[in-house]
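These exercises ask you to read helix packing step by step. Look at the structure first, and then follow the worked solutions.

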Amino acid sequence: MGLFSLFFSKPVSTELTVTSDNGFHLRPIAKFTAVAKPYPCKIEASFKGKTVDAKNVNTLLSLSLEKGNHFKITAQGKQAQEALKVLQHTFITLMQDDKEVKKIQKEQIAYESDSVIEGQIICKGIAISPAYYYQEKRIQKETNMTLAEAIEKSMQELETLYHTQKDHTDIYLAQKELLASLQTEVKTLLELEKLIEKSCSELLDTKLEAKISDYHDILQRVQKHLGLETKVLFPKTPFILLANDMLPSQIEKLSQTAVQGVVLRETSVNSHTAILLRGAGIPSLIAAHDKIGEATEIILDAHSSVLITKPTNNDLQRANKRLEEDIKQTRNASSKRFDPVITQSRKKIKVLANVTDVNSATLAKEEGAEGIGLLRTEFLFKEEKPTLEEQTDAYEKIFSHFDEITVRTLDVGGDKALPYIDLPKENNPFLGIRGIRLFQTHPQIMEEQLHAIFKASNNRFLKVMFPMVSTVKEFNEAKTFAKKVAQKYQLNIEHIQFGIMIEVPSVLFLLDAFNEIVDFYSIGTNDLAQYLFAIERTHPTLYIEENSSVLFDAIETIVKKADKPVSICGELAGKSNAIPQLLDLGITTLSVSPKQIAQTKEEIRNHV
């Protein structure tokens, strides 16, 4: 911004009022600053005599704005009026969309014991196990990584989590934006630690105090890459975890242990930790637990919102009965997950899985998937460039689970990055080098991937799918490239089919030509909607109506014009309110995340 614009233009201001019960917290702030950053003018926020940079997540969060607070936004310089208008609209939208977690209604179950601790429900359920207090150890390792490199690595991890996790991915995007704002203010780890300490102190005793765990979370992420790793210790036998609080990043690891329930002292039902506990389905409460003895068998009743620290035999019988009811309900929901999927009009529908690695492929098998409709290979090796042997081994393990598998070649670019694939900085990365265009820019990487896929297939039927195809020429060149790789390494690929993701609107006008050369199509509704509406799918405030008639019209066009098999692997395939319309359009194959398989099958069975 020029000095003339800054010093001689008149500042413009508006007052905004926080209307969300949650306050103006991390996730909406991250979206707000993302809208503010592109404007060349100076934008500040003022509250109670404190003025901060409104383009900086950390400084804006430090205002600790709660429901009912009025604060002022001031813009000065080029495009100030436009920026203020857009930000005012953005803020109102964020407040309207930010729903508070409603207090969960508790059930009344009578217990005999006098040793009862009242709590607040995070996630309903019941657990009967020994109490275990949170323990951790810190491990120091040698590393040559700089702070800047550690922060960059951490932001890449958060970006990957944003794309690979099923629920609440905006948490990771918000943490990434927070880390990016902190990075601008520090040069050393010590400075980062002090800044985080200061930022956390400003949130103490406010409604945003629960967001302190996000600061600690990103600090531990950065420290890990600098050689200081914090590991949480969990028992191998069933336990109920008692902790002051937990970090959001620890919930995924916790859900892979023998944990039966969680009791936290210092969090809120709206904290990111609480949100992820609910997403993992772990029975949990907020309650004081400091007087409970280690290894004491307790009842965590997150239906009645109580802890029974000295249960009687009758209490244990009641709790076990309620636990059996919960288990029965869960079993009923998943009992038919392996059954064929047939609509009420006797139409057979195939439900496949979207997977990212060996573990998710194993989970997909357990959840009843009939095959893999989308193997997202870009998330298979997220840290370091794999060797040919490592790639081949991973593909072999994944392929062993199913008879029907569709592998998507690397879809890097846009909002997806890998540290070992160097892509140029672009003003519009979603319109630049990504997907199939890697065959032009990174042929060696693509050759190694295809070599590994062909070796791992071992003469089994396999589908190889190219992403982001926009022209017939691109597909022909990629398929020719694949054939040359097979010839170079003397590998038979007669059992392999080649198809495309339909994500770019130009393909809709070229279907007659593509029908002549492809073996199959898979519709990627996320990117197709993005390009149909010219709205980046990660945009913080602009949203695409998921059930837009335009998107369904595009799908109908594809189904009618395609004379090769068509499936859908985008998020729309798992939306209960979209499935009936997709089936009516003639879609017979849906590919969804592993955890959505049972639910998706039930939706289909109920369809006429």
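**Exercise 1.** Find which residues of α2 meet which residues of α4, and describe how the two helices are arranged.

*Solution.* Begin with the contact, which means heavy atoms within 4.5 Å: Pro-28, Lys-31, Phe-32, Val-35 and Ala-36 in α2 meet Val-86, Leu-87, Thr-90, Phe-91 and Leu-94 in α4. Sorted by class, the residues of this contact are 8 nonpolar, 1 polar and 1 charged, where Ala, Val, Leu, Ile, Met, Phe, Trp, Tyr, Cys and Pro count as nonpolar, Asp, Glu, Lys and Arg as charged, and the others, Gly among them, as polar.

Before going on, note that this is a predicted model, in which local features need pLDDT of at least 70 and side-chain atom pairs count only at pLDDT 80 or more, while totals for chains, interfaces and linings use all residues. Residues are numbered from 1 along each chain as its sequence is written, and side-chain values use heavy atoms, with hydrogens and water left out.

Next, take the geometry: helix α2 (residues 26–36) and helix α4 (residues 80–97) pack at an angle of about 160°, with their axes 10 Å apart. The two are therefore roughly antiparallel to each other, a term for angles over 145 degrees.

**Exercise 2.** Describe the packing of helix α18 (residues 525–533) and helix α19 (residues 549–561).

*Solution.* First, the axes come within 10 Å and cross at roughly 115°. Then list the partners: Thr-525, Leu-528, Ala-529, Leu-532 and Phe-533 in α18 meet Val-550, Leu-551, Ala-554, Ile-555 and Ile-558 in α19. Finally, the residues of this contact divide into 9 nonpolar, 1 polar and no charged.

Terms used: Axes fitted to C-alpha atoms, helices over the stretch in contact; angles between N-to-C directions. Helix = DSSP H or I, 4+ residues; strand = E, 2+ residues; numbered from the N terminus. Parallel < 35°, antiparallel > 145°, perpendicular 65-115°, else oblique.
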